[in-house]
Amino acid sequence: MAEYALILISTILVNNIVLVKFLGLCPFMGVSRKLETAMGMGLATTFVLTLSSISSYMINEFLLIPLNIEFLRTISFIFVIAVVVQFTELVVHKTSPILYQVLGIFLPLITTNCAVLGVALLNVQEGHGFLESALYGFGAAVGFSMVLVIFAAMRERIAVADVPVPFQGAAIALITAGLMSMAFMGFAGLVK
Amino acid sequence: MLTAIIAITLLALVLGLVLGYASIKFKVEGDPIADQIDKLLPQTQCGQCSFPGCRPYAEAIAAGEADINRCPPGGEATIEALADLLEVEAKPLDDECGVEKPKTLAVIDEDRCIGCTLCIQACPVDAILGSAKHMHTVIADECTGCELCLPPCPVDCIDMVETEVNPNTWRWPDPARIDIKVGDKNGAE
């Protein structure tokens, strides 16, 4: 039990997928302009990441390893992720048209969110079991959503702040992200 | 080698089936055609098509009650986009609705304005600011150039000024009007 809690804490804080592993930076920058979109994106990514790490674990364990075709890992993972994203899009479109409209292009773009493939590959690399994979994916997604929401909240403040002209826009956003990343380095050593 | 091909093919087949099932199970009523037509119209709300705005005109086209060539502000580009969407032949603009003109902007001559508020009531997009007995002015960004404010003005103080798109006024097409699913069809105006 403690081990699972550790996985969660480790993925959410210590090895945060965005600020420590630097994966999934494009949605981090792209969808963080408004708090609501950031939350929606966080929810959708959480759903996709958890589901895709479970399904890629199963593909790896029950298809690739028994048939001895591990060299097809990347392509089959991408395959599964694309399907999961498409599936999510269908479900969101049906269940919440407003969220669907808010997320817009970013929903299909989860496919190319490198965090999703990154988590699936990291799961294999670290030899995670079924529950561990699911928790790792879920934790990474929670960490992603958390920093996305924090960052969006900061950017909403920055938008009205008196930023010097050369730093306006993307520049100050990147500087903020860098400072956040440095702050998250403070968690290093919390879990071994 | 063969195992790999078969495995990937089977995987594709199964995932395809899952998606196919999901798309039936989670089917959503697509954009009604009137919405798509409305998106192609210029949203000047000028009423030159004889309908009280762009949305009613779009609904009339969708219902087959109106022709696609009644929108002078949109001009040829809109007619072609509509013809493309509805898969009918494009035809020249209907003369009785007006002629295609370059985009204009209403400008109020502030010295002559008597503050009667008649133009404010006529403006379909609320682009005129002002109150009774006070000078009015036009918000340039909001004005669609529909000329509806000209007839009510008792002192003829509104002029239509041609606006040319220059690097300062050019704007990206409104992202809400680009339909991601069907490509950039609606963005080209």
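In which loop of chain B does E87(B) lie? The views below come from a predicted model.

**View 1. E87(B) and a patch of negative charge.** E87(B) is found in the loop between α4 (75-86) and β1 (104-108) of chain B. With a relative accessibility of 72%, E87(B) counts as exposed. E87(B) belongs to a patch of negative charge on the surface, where it gathers with E76(B), E80(B), D84(B) and E100(B).

**View 2. R70(B) and its salt bridge with D94(B).** The whole structure holds 7 salt bridges over all chains. In one of them, R70(B) pairs with D94(B), and the closest N and O atoms are 3.3 Å apart. This pair links distant parts of the chain: R70(B) sits in the loop between α3 (54-62) and α4 of chain B, while D94(B) sits in the loop between α4 and β1 of chain B, 24 residues apart. R70(B) counts as buried because its relative accessibility is 13%, and buried means under 20%.

**View 3. R70(B) and its salt bridge with E96(B).** R70(B) also forms a salt bridge with E96(B), in which the closest N and O atoms are 3.7 Å apart. Again the pair links distant parts of the chain, with R70(B) in the loop between α3 and α4 of chain B and E96(B) in the loop between α4 and β1 of chain B, 26 residues apart. E96(B) has a relative accessible area of 65%, so E96(B) is exposed.

**View 4. The salt bridge of R112(B) and D109(B).** The closest N and O atoms of R112(B) and D109(B) are 3.0 Å apart, and the two residues form a salt bridge. R112(B) is partly exposed, at 38% relative accessibility. D109(B) is also partly exposed, at 26%.

**View 5. A network of salt bridges.** Four residues are shown here: D35(B), D38(B), R55(B) and E59(B), which salt bridges link in a network.

View 6. C143(B) is buried, with 10% relative accessibility. C153(B) is in no disulfide either, and the nearest cysteine sulfur, in C157(B), is 3.7 Å away. A disulfide needs the two sulfur atoms within 2.5 Å. C153(B) is buried, and its relative accessible area is 10%.

Note on methods
Residues numbered from 1 in each chain as written. Chains lettered and ligands numbered in written order. Predicted model: local features only at pLDDT ≥ 70, side-chain atom pairs only at ≥ 80, totals over all residues. Heavy atoms only, no water. Patch = residues over 30% accessible without salt bridge, like charges linked within 9 Å, V, L, I, M, F, W, Y side chains within 5 Å. Areas by Shrake-Rupley, 256 points an atom, 1.4 Å probe, with all protein chains shown as cover. Salt bridge = Lys/Arg side-chain N within 4 Å of Asp/Glu carboxyl O. Lys, Arg positive; Asp, Glu negative; His and termini not counted. Charge placed at Lys NZ, Arg CZ, Asp CG, Glu CD. Helix = DSSP H or I, 4+ residues; strand = E, 2+ residues; numbered from the N terminus. Buried < 20%, exposed > 50% of the residue type's maximum accessible area, 1.4 Å probe, protein only.
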